[in-house]
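Notebook open, model loaded. I'll jot down what I look up as I go.

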Amino acid sequence: MLSSQLVKKNKLTILMILLLPSFIWVGMFINGSLGINPIDILMDKLGEMSLRLLILVLIISSLSEFVFFRSLINLRRLIGLIAFYYLFLHLICYIFLDHFFNLSFILKDIIKRPFITFGFLGFVLLFPLVFTSTNNMIKKLTFRIWKKIHYLIYVVILLGVLHFYLLTKADKTEPLIYFGIVLILFALRIYKIFFIRQVVQR
Amino acid sequence: MKKILSSEITSHLTYLNRRKFIKNSSAISIASSLSFPSQAIHSEDTSQYQQQLDDGDELNTFDEITTYNNFYEFGVGKSDPSNYSKSFNTKPWSIKIEGLVKKPITIDLEDILKNVTIEDRVYRLRCVEAWSMVIPWQGFPLSKLINLAQPLDSAKFIQFVTVFRPDEMPGQNRRILSWPYIEGLRMDEAMHPLTILSTGLYGHDLLNQNGAPLRLVVPWKYGFKSIKSIVAVRFVDRQPDATWPMMAPSEYGFYSNVNNTVHHPRWTQGTERRIGEFLRRPTLMFNGYEEEVSDLYKGMDLNKYY
């Protein structure tokens, strides 16, 4: 069994490893080694990383159902927050680098282009999760209510995948792979809710 | 004995420089008329293109133009075309001229080039993905080829076809688009003096990733109209199919003129990022060629015929 001691001890290492790509990409952006169209590339990398981490959060939840991986649940909040960090950088990139604070244009863009509408909505819906991520908040809200709020993660991830799918021009393989993984993870949860509960009731 | 084309011996640059040499018969460095490895040649003298630059425009570098490409035949990534086009063989090359013409023929590119004069054309290229470049092309007006082809009066449109060689073009092994890539122009657009068939850029033969050995360049339309590696030119009487409009008719139209008032669900068409610049520029109507081409579309509702 993966001991929760081990997992907790390595939290800092995991944090550093997961933050490292953002430092590397920003460094490459600054010294001009991120290719011919660096703004697009930086934005893509940040957004993609965020989506992957969000999906990882779901995977961790599913894995922690198994006794062997139970301790991984200690990483879920950390990874969720790092996903938000990447998403935040992704948005900063869009506002500052891509459109240089042209807020009226950005507002129109959010309304006019469905993929930006969905992406932005996903970002907004992640806020309540971030604000209620502390132990204190869980206590204050009671676990039951806190859990309800955090079901929003499903909506956020679906919006993220949809955002990626819509912005892809021709080869939709990658967003479809993400969608497939998300569907499997959803199916596992639905199975658990309906099937396992019935067994218990019997 | 197999016929050896002169294109297999003489590089396009040598050919160009020889023309220049004959034309100016003045001091052109002898060195530049020899075939050097590609990198050595193009980087030096860009002054000849400066006079064609519009205010506020600067040439993009050879490196930018040849490593940031959309050419899905070699993959969907921007650097895929430069990375995966090495085994694409463009010599020899022939082009089918078919459909509504006096006499359909298959003609060697070499024989076409004998009948035309290669000119420098510095054009802006605006991609539908909202980025743009300024490129010093070499080529000749498409009208020259049309005149050689002698179309019938019934020919109202032209369709172009890209080569289909999945063995040499890895992207064609996946059905990302329906291969071969096809594009089309209305006859008056095709005859317009700004419309060229390009054979080179920066004084260098077109590299494979840019659509060697012969590609279309229509500077007032989105980049995907400028079809690459052309093997067939078909004269037809009706508006022909084109690859992107077939795939997503609500997103891409047959005309696909650069038009900052026609909305696209994915990219803003109001502004663009010039490759190499930080701030976006406003996108100009017809990519800044409004004066030259707006007459072609008089009385047309460009929001309907996008």
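I started at Ala242(B), which sits in the loop between strand E10 (230-236) and helix H9 (243-247) of chain B. Helices (H or I, at least four residues) and strands (E, at least two) are DSSP runs, numbered from the N terminus.

Housekeeping: this is a predicted model, where local features need pLDDT of at least 70 and side-chain atom pairs count only at pLDDT 80 or more, while totals for chains, interfaces and linings use all residues. Residues are numbered from 1 along each chain as its sequence is written, and chains are lettered from A and ligands numbered from 1 in the order in which they are written.

Why do I list Ala242(B) as buried? Because 23 other C-beta atoms lie within 10 Å; buried takes 20 or more within 10 Å of a residue's own, with C-beta atoms placed from the backbone.

Next I looked up its contacts (C-beta atoms, placed from the backbone, within 7 Å). Beyond neighbours within four places in sequence, Ala242(B) touches Ile182(B), Glu183(B), Gly184(B) and Phe254(B). I also noted 10.0 Å between the C-alpha atoms of Ala242(B) and Phe224(B), 18 residues apart along the chain.

Then I moved to helix H4 (residues 73-98) of chain A. Its 26 residues should span 38 Å at 1.5 Å a residue, and the end C-alpha atoms are 37 Å apart, which agrees. The expected span is 1.5 Å times one less than the number of residues.

Buried residues of H4(A) include Leu75(A), Phe84(A) and Tyr94(A). The buried residues of H4(A) pack against helices H1 (4-9), H2 (11-30), H3 (38-63) and H6 (114-131) of chain A. Just after H4(A), I found Phe100(A) with a positive phi of about 45°.

Key: Buried ≥ 20, exposed ≤ 12 C-beta atoms within 10 Å, placed from the backbone. Contact = placed C-beta atoms within 7 Å.
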